[in-house]
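Dear colleague,

I am handing over the structure below, and I would be glad if you kept it open while reading the notes that follow.

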Amino acid sequence: MSTNTDFTPRSLTASEYVRQLFEAGDNAAILVRNRSTGHTVQRIARAETIAGPDFQTWLANQNASGSDVFMGMNPIKDGAHSRTKANIKNIRHVYLDLDRKGDVALEAIRNSPSVPAPNIVLDTSPGKHQVVWKVSGFSQDEAESLLHNLANQFGGDLAATDSTRVLRLPGFANRKLPEEFIVQARQENDAIYTLRDFTIHEDSPETPRHLGDDQERPRTVPSDHKSQSEHDWAYAKRALARGDDPEVVIQRIADYRSEDKDDPQYYARHTVAKAQAQLPIERHNSGTSGVSESPHADKEPDH
């Protein structure tokens, strides 16, 4: 870990935020989604272009017209035109979306010996936050395993545990809210962390979350790492097996995936339908233990 102990926390504009996350020549993804029409536009551009006045003016106009503004958290390979895992150049950031009891969760992160101090904290709506750590030396599997474990330990959004995730861009209004709320970003340090700086235990979505638990646990990286779609698939099967209403399961998945799927209801219904079809097969095959791998073909959309 490298850090400047004399760093003074400061607020970031959208342009400053982009320049903090990326080098000038990095390719980054910007996602703009209109809440009313559902129309989504994704652009891959150089970070310096995104931070520049012309691109910022375009984003401001889109936001004023009712669109939310998001940014991919990891750089895109040269020549790529979509935000897929295969097109991620390397892992620069890990993050948490604290959309439930956000103030409590953020305080637990600040006080936990299991995670280092965040680099940037975004206030995305009253009592809700997104937390960003700058990192180096992570593989995609290591990053996504850590993201999932962080979400489990601190009550973060389990949908926000993939390396292609987009988070909100500061300086723009959150159009999901009835009253205008401008997303704010605070840079709190300039450290760059490695995997050994996080001592998070392996967890599962069903494990109770104990926010503020200061007991340090050893880090583990599972050998059977699953994609986010596979986590959704596994969750659907567990929920259905214990008797949850399929419509409730559909809505939970749709809510979790509302900001990274063009049609989250369709995606959720498709996932639950496949889980419903698979459950009788697994019950018949009593010799099979655990949750099977997902045949789910749905990938991150090319916006």
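Strands (E, at least two residues) and helices (H or I, at least four) are taken as DSSP runs and numbered from the N terminus, and two strands are said to pair if DSSP finds at least two bridges between them. This is a predicted model, in which local features need pLDDT of at least 70 and side-chain atom pairs count only at pLDDT 80 or more, while totals for chains, interfaces and linings use all residues. Residues are numbered from 1 along each chain as its sequence is written, and side-chain values use heavy atoms, with hydrogens and water left out.

The sheet is an open one of 4 strands, paired antiparallel in the order β3-β2-β4-β8, and its edge strands, β3 (40-46) and β8 (166-168), each pair on one side only. Between β2 (residues 27-34) and β3 there are 7 bridges in the antiparallel sense, with A29 standing opposite I44 of β3. The hairpin of these two strands has 5 residues between them, and there G38 takes a positive phi near 80 degrees. Strand β4 (residues 67-72) pairs with β8 over 3 antiparallel bridges, and G72 stands opposite V166 in β8.

As for the interior, a nonpolar core here is a set of buried (under 20% relative accessible area, 1.4 Å probe, protein chains only) Ala, Val, Leu, Ile, Met, Phe, Trp, Tyr and Cys residues joined through side-chain atoms within 4.5 Å. The largest such core has 57 residues, and Y17, W133, L169 and F198 have the most contacts inside it; helix α5 (residues 140-154) supplies its largest share, 6 residues. A second, separate core of 13 residues includes A239, L240, V249 and Y267.

With best wishes

Methods: Buried < 20%, exposed > 50% of the residue type's maximum accessible area, 1.4 Å probe, protein only.
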